[in-house]
Each structure stands twice: as structure tokens, then as C-alpha cells.
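Here are my notes on this one, written as numbered points. Have the viewer open while you go through them.

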Amino acid sequence: MKVSGFTFLRNGTILGYPYVESLKSLLAVCDEVIVALGNSDDDTLEQVQAINDPKLRIIQTTWNENMQDRGYTYAQQKMIAQFNCTGDWAFYLEGDEVIHEQDYATIRASMEKHLDDKAVEALVFDYYHFYGSPTTYAYSPRWYRRAPRIIRNTVRSWAPDGLFWLIMNENKQGRYPNAALAGCYLYHYGHVRSVAKMNEKHKRVAHYWGQKLPEFEGYGDIDPQSIRQFNHSHPIILQHWLSHDAEQQFTVNPDYQLSKRDKKHRLVSKIEKVLGGKDFTKKHYKLIY
């Protein structure tokens, strides 16, 4: 079995991503890792080159600045990297996601288990969406709880945006992939970067979604019922980043007023609880195992 990892990056340092740590964790699981690396205004290229792993291949790209429709530029960059994967499986990891070292063997074993079962087109991970600090994470219907990150590399798939895949069927119509659980979590750190880095992200990323985002003033403006305490360990490889580049304290804004969306999610959460843990979050996959 051969496993390809892939991602796309641009301005990882400016935007505060733990992208070096993310790539190193992906290299620990994969037999090759492909990076579509966009023309950056910082040292992202040099930092990735400095990893100096023979399994790592960099493809330098130029982003389409005129494409502003719903993140499709992200989809283009994602697929440039995926189309260069040569493994049986293609493992997509975003620049703010990290694999815990305790799960390396579990992930490989899950791919081995389903290698010959062609009905399984993707593997789905559970998620910790850290929010505001390394000791708190977001958990509500607003945040996807599971997402496919490994796709079988012999099915015809494409990405409408950076987040998920569609499988092309015989009529060339897209559908979500049939999936099995990977059996572990991915650790998502995009919402613990500093307020300054988050504002930089808002300024640079909104362009590709045809939006203009307001200034990010901090992590406190959120429904407190959507925040949970994290009492487990973080990936060892991320310890330095967490100590130096992440926000350390999270406090809810006492003047925050619940939005209509917050109230809706609270209601959905209550219904989920009544139904014994039913998950009503958006799913970009069809779970068959």
C-alpha cells in the first residue's frame, strides 16, 4: 500500500498557520507528500524547503486573483496537489491541521483495512476545533464534527472548494463519497492563532470568497454553550507553536448577544441530546461503515 499526502499553502507564516508542524505530521503517515505552494509574500517556501525530507515534493503555483467565487481558488490549488498524488490513497491535510502521533498507526491500519474494499471511497475523521486557547474547543451544530480527509486515489473526484470532495458518477453528476471512519481525531488550530494573525487572514482570504469581512476583535463573541474544555494531550510536534504563536486565554465577551443562528444551534443541540446523541451537522460524505 502506498499513501500520498497533499496540501496547498500560501503565506503560511504571515497568516499564522502551524504549517511546518502539519506537514511533518503528514510525512510521518505518508510515503510521499505533495505541496502546491502559491507565490507568497513571506518565507513559506523557504520554511517548507527546510523540512528537507525526500518524501516531500513542492509544486510552485500562481493563484488566480480574478477568481472570487466561493473559494474556488482553494479548490484549484487543492486539486493541483491531488492530481500529482501516486498512492492508493490520497490524504489531504490543511495547513492548520495536525495529526497526533498517537494516531499514526491507527490511520495506516484503517487504510490497510479498507484497501481492497472498493465500496469505501473515503475515510472520515472526528475533529477537535480548538477555539480561543489550546484548552478550549468549539462543539455545536455550527462546527462540523467529522470530515473526509482521505480519498481513494482511483476514483474520479474533485473539490468544489477546499473543504470536501465530490465523486463523479456515470452521468458525470457529483455525489459525496461513500466513507468509513478513520477511528481517530484531527486537531484543528485555525481558531487559536493570534488576533493579529486572524485579522491578516480576514484581509487576505475574504477576496477569494467574494466577501469583505469585518475586523476580528477577538474570540469572545461566541455562544458560551458551544465551548468545551479540552483535557487531553496535544501533538508533541506542536508544543513550541502552542507556546509561542497561539492565544493562551479564552474569555467569553459578557456583552455578547446571541444571534438567530446561535439560538437555532442551541435548539438543534437540545434535539440532538433528546435523541441520544444524534448528529445533525452538515456531512460531506455518506457513512457506510
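1. Start with charges over rings, meaning NZ of Lys or CZ of Arg within 6 Å of the ring centre and within 35 degrees of the ring normal. Arg10 puts its charged end over the ring of Trp63, 5.1 Å from the centre. Arg145 lies over the face of Tyr139, with 4.5 Å to the ring centre.

2. A quick word on ground rules: this is a predicted model, where local features need pLDDT of at least 70, side-chain atom pairs count only at pLDDT 80 or more, and totals for chains, interfaces and linings use all residues. Residues are numbered from 1 along each chain as its sequence is written, and side-chain values use heavy atoms, leaving out hydrogens and water.

3. How many aromatic pairs does a search of the whole structure find? It turns up 26, counting rings of Phe, Tyr and Trp (its six-membered ring) with centres within 6.5 Å; planes under 30 degrees apart are stacked, over 60 edge-to-face, and the rest tilted. Take Tyr131 and Trp143: their ring centres are 5.9 Å apart and their planes at 80°, so this pair is edge-to-face. Tyr131 and Trp143 are both buried (under 20% relative accessible area; exposed is over 50%, partly exposed in between, with a 1.4 Å probe and protein chains only).

4. Look for the aromatic cluster too: Tyr128, Phe130, Tyr137, Tyr185, Tyr187, Tyr189, Phe230 and Trp241 form one.

5. Now zoom out. The C-alpha trace of the protein chain spans about 50 × 45 × 40 Å along its principal axes, and 52% of the chain's 289 residues are buried.
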